[in-house]
Amino acid sequence: ARGGGRGDRDLDLEALEQRYEASVDPFRQFNRAERQRKFNEMSPMEKIVFIVAKTTLGSKEMRTALFFYVLAMHLLVFVTTYHWSHSSTCDSFHSQEALAHFHGGVPLPETPSGVAAASAAMDTMNAALDST
């Protein structure tokens, strides 16, 4: 045994005895069997979610890391949104004709296949209805 003498041997025997009793405890065996049965009944997607959740939320360190990760992602979204909403670069959209329609600016030039064609068709239809 170790150099500690009889005290260490008693602790080792006590630990072994507790492990043995835990391994033959019928309640723990039933609990393990039920857990395994429920796990086997899960669909593959449920198993994946269960394993990820158990891994992620299983320890205090992982929960803390997840909390700070989610906090950082929210701060990134808030800062980015604030920056975009208060920057002067939005004014440059109105000077670029191809992007002007995104911010309520002047619409793109009408083409025969676009708004002008639809407008002409509506005018023709309205004229036909008015003449009847």
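Colleague: Before we start, what should I keep in mind about the model?

Modeller: It is a predicted model, where local features need pLDDT of at least 70, side-chain atom pairs count only at pLDDT 80 or more, and totals for chains, interfaces and linings use all residues. Residues are numbered from 1 along each chain as its sequence is written, and side-chain values use heavy atoms, with hydrogens and water left out.

Colleague: Why are glutamate 34 and arginine 37 called a salt bridge?

Modeller: The term needs a side-chain nitrogen of Lys or Arg within 4 Å of a carboxyl oxygen of Asp or Glu. The closest N and O atoms of glutamate 34 and arginine 37 are 2.8 Å apart, so the pair qualifies. Both residues lie in helix 2 (residues 26–41), three residues apart, about one turn of the helix.

Colleague: And what makes Glu34, Arg37 and Glu41 a network?

Modeller: Arginine 37 also meets glutamate 41 in a salt bridge, at 2.7 Å from N to O. Those two are four residues apart in helix 2, again about one helical turn. Salt bridges therefore link Glu34, Arg37 and Glu41. As background, side chains of opposite charge can pair when their charged atoms come close.

Colleague: Why is glutamate 41 called exposed, but arginine 37 partly exposed?

Modeller: Buried means under 20% relative accessible area, exposed over 50%, and partly exposed in between (1.4 Å probe, protein chains only). Glutamate 41 has 57%, so it is exposed. Arginine 37 has 38%, so it falls in the partly exposed range. Glutamate 34, at 24%, is partly exposed too. Across the chain, buried residues make up 3% of the 132 residues.

Colleague: How do you know that phenylalanine 39 and phenylalanine 50 form a tilted pair?

Modeller: The whole structure has two aromatic pairs, and this is one of them: 5.9 Å centre to centre, with 55 degrees between the planes. Rings of Phe, Tyr and Trp (its six-membered ring) pair if their centres lie within 6.5 Å; planes under 30 degrees apart are stacked, over 60 edge-to-face, and the rest tilted. The angle of 55 degrees is in the remaining range, so the pair is tilted. Phenylalanine 39 lies in helix 2 and phenylalanine 50 in helix 3, so the pair ties together parts eleven residues apart in sequence.

Colleague: Why is the pair of phenylalanine 67 and phenylalanine 68 given another label, edge-to-face?

Modeller: Their ring centres are 5.2 Å apart and their planes stand at 75 degrees, so the pair is edge-to-face.

Colleague: Finally, what makes valine 70 part of a nonpolar patch?

Modeller: Patch residues have over 30% relative accessible area and no salt bridge; like charges are joined within 9 Å, nonpolar side chains (Val, Leu, Ile, Met, Phe, Trp, Tyr) within 5 Å. Valine 70, at 37% relative accessibility, passes the area cut-off. With Leu57, Leu66, Tyr69, Met73 and Leu76, Val70 makes a patch of about 530 Å². Helix 4 (residues 60–86) gives the most to the patch, with five residues, and valine 70 lies in that helix.

Technical notes: Accessible areas come from the Shrake-Rupley method with a 1.4 Å probe; for residues, only the protein chains shown count as cover.
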